[in-house]
Amino acid sequence: MTQVNHPYDDLNEQAPQEECGVFGVWAPGEEVSKLTYFGLFALQHRGQEAAGIAVGDGEQILVFKDLGLVSQVFDEPILESLRGNIAIGHTRYTTAGGNTWENAQPMFRMAPDGTDIALGHNGNLINYIELLDKATELGLVDPAKKPSDTDVLTGLLASGVHDGNNLFDSAKELLPSVKGAYCLTFTDGHTLYAARDPFGIRPLSIGRLERGWVVASETAALDIVGASHVREVEPGELIAIDESGLKSARFAETTRKGCVFEYVYLARPDSVIKGRNVNEARLEIGRKLAAEAPAVGDLVIPTPESGTPAAVGFAQASGIPFGQGMVKNAYVGRTFIQPSDTLRQLGIRLKLNPLREVIAGKRLVVVDDSIVRGNTQRAVIRMLREAGAAEVHVRIASPPVKWPCFYGIDFATPGELIANAVTSDNEAEMVEAVRSAIGADTLGYVSIDSMVAATEQPANELCIACFDGKYPMGLPQGNSNADLVRKMQATASS
Ligand code: SF4
């Protein structure tokens, strides 16, 4: 039997949320806090709930962090007061731990030998319970306070710095026992460290300044501070940067599984991940989508902004003209002010406004990056019809999202994903049910193979778990969504 739920509340649907962006700079003589501020600006899309900067001058570390956007947390006097040779910065979106000041990063700890330590983390650990038990046993955290995975990690890292064991030694000892997705930047105030999990799930790149080094989640953050891209931090690699240059150590064998969703939606289009420009990958997905799921229409329009490159690619390959049919209120999702009930009834109109003159009477092909819950697409289609569209054909630049992510992205629970609202395992039936639920004239998705091919990465070096349910690092402990996934996997294989 085919069933589709309609849990619609247009304003409550958020796009998939990145958990964090990390940045680090070692540059004596430069204004490192300002370099970090601008680096964080370029990474704002990776986390909009909290921001922080830790600065070291060789003696001590000063941390300033708060809830809010980078521009809300920092001003000129604060940045002036953060002086030093080295800085790390963080933008945060919350899923592990609540959205509180304590959980904002960088985290700060003092090691048993008095060394100050600050750390920023992008990703999600899957053996949190094991690490929490260890940290509790050592008296480093109070489990009753529900410390975040990053807090636990920082505590354990700091506890290993004693008796001549420095932070590099401590990280080399600890990281092989840390499971999950992580890109870390950390410092003892003298040396800048960075590490990436052995699967390389999230991106992390190294850049060179004239008088220093930079590490950042995305290459776009290197560009904004004028750093040239040197290379990525390799999966399973730990690096240390100080006046003697860059030192590297392997703490685990590499099993590369980069997140394919970084190419589809998460990363900035002007970033490069493992040699592939993200915008080019999205254009190519759009071209392949046009070949796999062709549409008859008068105009290709994107759901702004994330659908734009794929829509351009679709238009190129199909020969249907490209146009902008909607304008996005870019900052409305980033306000802390809750809309009044009257405004809430406007739903999607708070976020997107149709250009009636462009779309009236047209057969539209609307290209979006992904469908998660389906609420946004349904609201967009209704809005386009109200604005006079003759037909609305929806084309999606990723395959159906059926599985939640446990490696640093917050989608939804399995039951909230619209592709799972259909009990049938017949793909065509599922697509038809989703089409009907969102109210499109036709609906088409790109295939997994075409999406992967567009990234120009070997298929066995990508994580595609949210599309195929095969989790390369396994599932987290003590997580109700993971328990649901185990049940879904058992049903699928029976
Ligand atoms: S499950 Fe999806 S979003 Fe999460 S790391 Fe894998 S590909 Fe990326």
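How exposed is I224, in terms of relative accessibility? Keep that question in mind as you look through these close-ups of a predicted model.

View 1. F38, F41 and I224 together make a nonpolar surface patch of about 270 Å². Here is the reply to the opening question: I224 has 42% relative accessibility, so it counts as partly exposed. To find I224 in the chain, look in helix α7, which spans residues 219–224.

**View 2. The buried side of helix α4.** Let us turn to α4, where the buried residues are L131, L132 and A135. These residues sit on the same side of α4, because they cover an arc of only 100° around the axis. What lies over the buried residues of α4? The cover includes strand β7 (116–125) and helix α5. Following α4 comes G139, with a positive phi near 75°.

View 3. Most residues other than glycine have a negative phi. K146 is not a glycine, yet its phi is positive, about 50°. You can find K146 in the loop that runs between α4 (128–137) and α5 (149–159). Is K146 buried or exposed? Its relative accessible area is 65%, so K146 is exposed. D163 is also not a glycine, and it has a positive phi of about 45°. The loop between α5 and α6 (167–174) is the place to look for D163. With a relative accessibility of 75%, D163 counts as exposed.

View 4. Most peptide bonds are trans. The bond from Q105 to P106, however, is cis, and its omega is near 10°. Where is P106? It lies in the loop between strand β5 (86–92) and strand β6 (107–110).

View 5. E305 belongs to the loop between strand β18 (299–302) and helix α10 (308–318).

Definitions and conventions: Residues are numbered from 1 along each chain as its sequence is written. This is a predicted model: local features need pLDDT of at least 70, side-chain atom pairs count only at pLDDT 80 or more; totals for chains, interfaces and linings use all residues. Side-chain values use heavy atoms; hydrogens and water are left out. Helices (H or I, at least four residues) and strands (E, at least two) are DSSP runs, numbered from the N terminus. Buried means under 20% relative accessible area, exposed over 50%, partly exposed in between (1.4 Å probe, protein chains only). Patches are made of residues with over 30% relative accessible area and no salt bridge: like charges are joined within 9 Å, nonpolar side chains (Val, Leu, Ile, Met, Phe, Trp, Tyr) within 5 Å. Accessible areas come from the Shrake-Rupley method with a 1.4 Å probe; for residues, only the protein chains shown count as cover. A salt bridge is a side-chain nitrogen of Lys or Arg within 4 Å of a carboxyl oxygen of Asp or Glu. The arc is that of the directions from the helix axis to the C-beta atoms. Contact means heavy atoms within 4.5 Å.
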